[in-house]
Amino acid sequence: MASNTPPFAPYPQGRPRRLRRDSFTRNLVRENALSAHDLIYPVFVLEGSQRREAITSMPGVERLSLDLLLPVAEECVKLGIPVMALFPVIDASLKTFDGREAFNPDGLVPRVVSALKKRFPDLGVMTDVALDPFTTHGQDGLPDDHGYILNDETIEVLVKQALCQADAGVDIVAPSDMMDGRIGAIRAALEANKHIHTRIMAYSAKYASAFYGPFREAVGSSGNLGKADKKVYQMDPGNTDEALREVALDIAEGADMVMVKPGMPYLDVVRRVKDEFKVPTFAYQVSGEYAMLKAAALNGWLDHDAVMMESLLAFKRAGADGVLTYFALDAARKLQQAR
């Protein structure tokens, strides 16, 4: 016969506030914590030297040339941020319909990867595998005559792009394109070319979200994309079961880590993925999320540091092993001060 006895002592024998009385007790029983090792810092890199361009929709974030990016990488190392994620800003003259600059071995991304690994061998470097920064149409893949994004033809280019990045010495390739089967194809190509240590962080559950706007401005793809969208390959925001299928496929095809994007509006997906698969799971606190918090803080409506740290802790609580965030430097500095 089932017992009606509650599992916890009732009031007054049970007083949950006892464990909130002082800071040492709160620290002792805290279930989730954030550290600098949980952070991946996305950066925007462009050609040239001594070039610094502010991104108006992302206060505090800049496009930087390699020489100005190196001190940022050095600070990541000093703060204990383990990985920097590169996103290129390509000159319009190099953009083509087929995005062939994506696999140019002398292109911006391979050169930046090589320079970073030579200077900071212990800093992890991650690169995006997708065509949108390199195409005249701003799509992540190759369109047919009617504008529909071709799957298998796109994968052929993505494999070349991933191999180009691996040849340059990148630690993690991160396919963000959402083509079916691209993880398996990239993994097979990496193995065949002796890149057995190159990790794959798959953007497995990447949604067709309205929160990407500032990022597209940052990499210069928004103007090329125009009024088009990416709904024929990125996921419908109404679906979560589909996310589990996508993650399962990517793991089976050889992904080492999986990602949910965007982050905070999809914490339920992060939790479902972690509970279901128990693999390294990451979330991307995307540009729109960053812009909202920054704008509110700049207007004095929210406490900047408090909401920054609370939002990042929320990812950990939801099950994320790490977070890609434009707050990485600020958060790591805050964590260092708290030691």
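Analyst: Happy to! One definition to start: helices (H or I, at least four residues) and strands (E, at least two) are DSSP runs, numbered from the N terminus. Please keep in mind that this is a predicted model.

User: Which element gives the largest share of the lining of the largest pocket?

Analyst: The elements that give two or more residues to this lining are E1, strand E3 (62-65) and H12. With 4 residues, the largest share comes from E1.

User: How much space lies in the largest pocket, and which residues are the closest to its centre?

Analyst: The largest pocket holds about 240 Å³ of space. It is lined by 15 residues. Closest to the centre of the pocket are Tyr41, Gly60, Val61, Glu62 and Leu329.

User: How many nonpolar, polar and charged residues are in the lining of the largest pocket?

Analyst: Tyr counts as nonpolar, Glu as charged and Gly as polar. Sorted by class, the lining has 10 nonpolar, 1 polar and 4 charged residues.

User: Now the rings, please. Why is the pair of Phe44 and Phe87 classed as it is?

Analyst: A search of the whole structure finds 10 aromatic pairs. For Phe44 and Phe87, the ring centres are 6.1 Å apart and the planes stand at 40 degrees. Planes under 30 degrees apart would count as stacked and over 60 as edge-to-face, so the pair is tilted.

User: Where in the chain do Phe44 and Phe87 sit, and how many residues apart are they?

Analyst: Phe44 belongs to strand E1 (residues 39-46), while Phe87 belongs to strand E4 (residues 83-89). The pair thus links distant parts of the chain, with a separation of 43 residues.

User: Is Phe87 buried or exposed?

Analyst: The cut-off for buried is under 20% relative accessible area. Phe87 has 3% relative accessibility, so Phe87 counts as buried.

User: What kind of aromatic pair do Phe44 and Tyr326 form?

Analyst: Phe44 is in strand E1, and Tyr326 is in the loop between strand E12 (322-325) and helix H12 (328-337), 282 residues apart. Both Phe44 and Tyr326 are buried. Their rings lie 6.0 Å centre to centre with 10 degrees between the planes, and the pair is stacked.

User: Which Lys lies over the face of Tyr284?

Analyst: At 4.6 Å from its ring centre, the residue over the face of Tyr284 is Lys261.

Methods
Residues numbered from 1 in each chain as written. Predicted model: local features only at pLDDT ≥ 70, side-chain atom pairs only at ≥ 80, totals over all residues. Heavy atoms only, no water. Phe/Tyr/Trp six-rings, centres within 6.5 Å; stacked < 30°, edge-to-face > 60°. Buried < 20%, exposed > 50% of the residue type's maximum accessible area, 1.4 Å probe, protein only. Lys NZ or Arg CZ within 6 Å of the ring centre and 35° of its normal. 1 Å grid on protein atoms, 1.4 Å probe; cavity = no way out; pocket = protein on both sides within 12 Å on 5 of 7 lines; lining within 4 Å. Points joined across faces, edges and corners; volume = space filled by probe spheres on them.
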